[in-house]
Amino acid sequence: MKRFATRRSFLAGIGAAGTAGLAGCTGGFGNQTLTMIDWGYVYSNGVIEAFEERHGVTVERQAAQGSAETLSQLRAGRADYDLVPLGNYAVTPAMEEGYLQPLDLDQVPAYDDVFDFLKADYFEQDGEVYGIPRSFGQTPLAVNTDIVDQDVTALADLWSESLAGVAGGRDDARLQTLYRNAAKGEPLNPTAADEVDFESLRADLIERLELTAGLWNNGGESEQLLRSEEVGVQPVWNYVIQSIQSDGIPVERVYPSEGTKAWFIQHCIRDGAENPELAHTFIQEWHTQMGYESLMKPSNIAVPNDQVFSEQDVEKAAYGLDDPDQFIYEEPKPQSLIEQYTETWNQAKTEADL
């Protein structure tokens with residue numbers, strides 16, 4: 001039984017010039033089917049349908065719930081896709097555990113123009129690259145000025161008694177630990193359990209949770225908490241803030257003084273993929289043809305490629321990318337440490353009665 005949602009119809013409203021440009025461009029892939037798992041919001045404006053038409057292929061996409069879930073599917077043998085996008089922290093374990101194949105960069109010349117500061121060493125093994133950054137986003141603080149009447153400038157402010165009952169956050173052990181480490185001046189990304197004072201971590205998480213008005217698991221939930229005014233301040237994805245501001249809700253974007261949490265998603269190809277050449281073509285065309293119209297323009301999430309910014313005549317400052325040093329990241333860590341973070345977070349939620 002197929003587990004994919006097939007998208008085959010070509011965009012009816014595509015312009016005549018675009019249609020003419022696609023004629024005769026079938027790339028010798030026959031009737032191949034490119035399979036992928038990814039977030040639904042990434043693909044808009046008919047780019048999937050145009051890719052299918054361009055190459056005479058089918059694209060089948062399974063909805064992703066998150067990089068951690070995708071990694072779990074790979075480990076369980078349930079992710080038999082060609083193209084597997086993963087968060088930066090998830091590429092290393094997937095690579096080291098043998099679930100990904102190295103990328104043929106000769107087939108993706110656009111890689112040369114990907115922002116250098118995102119070409120992380122932990123995407124490489126034995127001189128081979130296993131992940132190409134496809135999108136870059138930020139998680140600043142959203143502050144509703146109708147609810148919060150104090151200046152909020154830092155992640156540390158989330159521990160302030162004056163924000164009790166109006167602060168929110170994501171129900172995620174890894175991220176909450178990262179925020180805590182940044183707020184308390186601890187090392188951001190320890191790599192072993194003996195580097196972590198778990199009693200202190202648990203106490204700080206309990207304190208944070210006791211002030212919390214609500215927790216969320218996805219973008220829709222985070223947006224609803226802000227729109228309903230159950231929450232007045234929380235770290236949240238930039239595109240959520242943009243959506244709320246577009247409706248006239250008085251939410252300000254604040255870049256925390258400790259650094260703004262940033263995330264970047266990589267295009268990866270599964271080891272044993274049925275159609276790796278087609279997957280490489282998709283990655284290349286994401287950077288040269290699809291990414292801006294599909295994600296960057298409608299959702300304010302950057303395609304981290306100098307060529308895209310140059311061709312679209314867009315300033316990096318418009319996407320908060322003029323100062324890369326302002327960002328903090330969740331980096332790869334051992335699964336055993338992630339499990340200890342999760343256990344500590346769950347203990348903290350229980351003690352805080354959440």
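**Close-up views of a predicted model**

**View 1. Gln-266 and its surroundings.** The backbone oxygen of Phe-264 sits 3.0 Å from a polar atom in the side chain of Gln-266, a polar contact (N or O atoms within 3.5 Å; within protein, one must be able to donate a hydrogen and the other to accept it, and residues adjacent in sequence count only if both atoms are side-chain atoms). This is a predicted model, where local features need pLDDT of at least 70 and side-chain atom pairs pLDDT 80 or more, while totals for chains, interfaces and linings use all residues. Residues are numbered from 1 along each chain as its sequence is written, and side-chain values use heavy atoms, leaving out hydrogens and water. Gln-266 counts as buried because its relative accessibility is 0%; buried means under 20% relative accessible area, exposed over 50%, partly exposed in between (1.4 Å probe, protein chains only).

**View 2. Tyr-43 meets Trp-286.** Here the ring centres of Tyr-43 and Trp-286 are 5.7 Å apart with planes at 75°, so the pair is edge-to-face. Rings of Phe, Tyr and Trp (its six-membered ring) pair if their centres lie within 6.5 Å; planes under 30 degrees apart count as stacked, over 60 as edge-to-face and the rest as tilted. Both Tyr-43 and Trp-286 are buried.

**View 3. Phe-115 beside Phe-309.** With centres 5.6 Å apart and planes at 45°, the rings of Phe-115 and Phe-309 form a tilted pair. Phe-115 and Phe-309 are both buried.

**View 4. Charges over rings.** Lys-119 lies over the face of Tyr-111, 4.4 Å from the ring centre; the rule asks for NZ of Lys or CZ of Arg within 6 Å of the ring centre and within 35 degrees of the ring normal. Arg-208 lies over the face of Trp-159, at 5.9 Å from the ring centre.
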